[in-house]
Amino acid sequence: MQLQLSTWPEVDVYLEHSKGIIIPIGSTEQHGPNGLIGTDAICPEVIAKGVAEKIEVLVAPTISVGMAQHHQGFAGSMTLRPSTLMAVITDLVESLARHGFERCYFLNGHGGNVATVTAAFSEIYANTSLYSPDEDTLLRCKLSNWYMAPGVQKLSRELFAGAEGSHATPSEVSLTYYAHPEAVKDVKMSPKRAPTGPITTALDYRNRFPDGRIGSEPALASIEAGEKLFHAAVKDITKDYQEFLNKT
Ligand SMILES: [Zn+2]
């Protein structure tokens, strides 16, 4: 069930039997020579839609722009600075909480969002602790990185082993190719495997990782691998979301 394709009376009815919502969050940033700029938003969005086909769950619109300051050396990359992204997340969660949502499950596709999203959760809890000292709101948030799901990690190791790397990975590129076969790119890359190193500023990133990849060989990406990763992710995330609803 997509929030954007629902009416407010339908959301009212949903809230009578579930207080949970999945909010895909990603980034709009370069993903090397053959990876789509929307990769980090496309992946969690397609997985969330897959989960919603298996169980009854509402999926919020994807937060498609994230904290990607280090990718600004490449055309097309967009960023929200950490303080802006924290404000966006806080406002969105508090909007949903106003209507009675109590479990906000952020399905994330971008490592660069993790620290900021986690800090935003602390900001939200601080609002409860400071301004509502005697009454808990029951509002709880969880961050789940699709690429860390156990079934996904196992499959990535089997499919790509040391070629996975850490940015513009063959796993995430495969998943986007499965979701958007019309956007598959055939690009030769040199060196085959990208260098590794730390991430700081955009200029430093561009100097260390000239084509945008980090440690990966995304030329190995395929629609077939993406289909396998999709099913593994949907299975794990469905279970994780249900545990979040029931145990928290
Ligand atoms: Zn990515």
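Reader: Which element gives the most to the lining of the largest pocket?
Author: In this predicted model, local features need pLDDT of at least 70 and side-chain atom pairs count only at pLDDT 80 or more, while totals for chains, interfaces and linings use all residues. Residues are numbered from 1 along each chain as its sequence is written, and side-chain values use heavy atoms, with hydrogens and water left out. On a 1 Å grid over the protein atoms alone, a pocket is an open set of points where a 1.4 Å probe fits, with protein on both sides within 12 Å along at least five of seven lines, and lining residues have an atom within 4 Å of a point. With three residues, the element that gives the most to this lining is α5.

Reader: What is the volume of the largest pocket?
Author: Grid points are joined across faces, edges and corners, and the volume is the space filled by probe spheres set on the points. For the largest pocket this comes to about 400 Å³.

Reader: Which residues of the lining are the closest to the centre of the largest pocket?
Author: The lining has 26 residues. Elements that give two or more residues to the lining are α5 (150-160) and α6 (170-179). The closest to the centre are Gly-111, Tyr-147, Ser-166, His-167 and Thr-169.

Reader: How many residues of the lining of the largest pocket are polar?
Author: Ala, Val, Leu, Ile, Met, Phe, Trp, Tyr, Cys and Pro count as nonpolar, Asp, Glu, Lys and Arg as charged, and the others, Gly among them, as polar. The lining has seven nonpolar and four charged residues, and the polar ones number 15.

Reader: Is Ala-168 buried or exposed?
Author: Ala-168 is in the loop between α5 and α6, and its phi is near 60°, a positive value in a residue other than glycine. Most residues other than glycine have a negative phi. Buried means under 20% relative accessible area, exposed over 50%, and partly exposed in between (1.4 Å probe, protein chains only). Because its relative accessible area is 0%, Ala-168 is buried.

Reader: What is the order of the strands in the open sheet?
Author: Helices (H or I, at least four residues) and strands (E, at least two) are DSSP runs, numbered from the N terminus. Two strands pair if DSSP finds at least two bridges between them. The edge strands, β2 (58-59) and β4, each pair on one side only. With parallel pairing, the order of the four strands is β2-β1-β3-β4.

Reader: Through which helix does the chain cross from β3 to β4?
Author: Strands β3 (residues 103-108) and β4 (residues 140-145) pair in the parallel sense over six bridges, and Arg-103 has Arg-140 as its bridge partner in β4. A crossover is right-handed if, with the strands pointing away from the viewer, the path from the first strand over the helix to the second runs clockwise. This β-α-β crossover is right-handed, and the helix is α4 (residues 114-131).

Reader: Where is Pro-191, and what is the omega of the cis peptide bond that joins it to Ser-190?
Author: Pro-191 lies in the loop between α6 and α7 (202-208). Most peptide bonds are trans. The bond between Ser-190 and Pro-191 is cis, and its omega is about -5°.

Reader: What is the radius of gyration of the chain?
Author: The chain has eight helices and four strands. The radius is taken over C-alpha atoms, and the globule rule is 2.2 Å times the number of residues to the power 0.38. For 248 residues the rule gives 18 Å, and the chain is close to this, so it is as compact as a globular protein of that length, with a radius of gyration of 18 Å.
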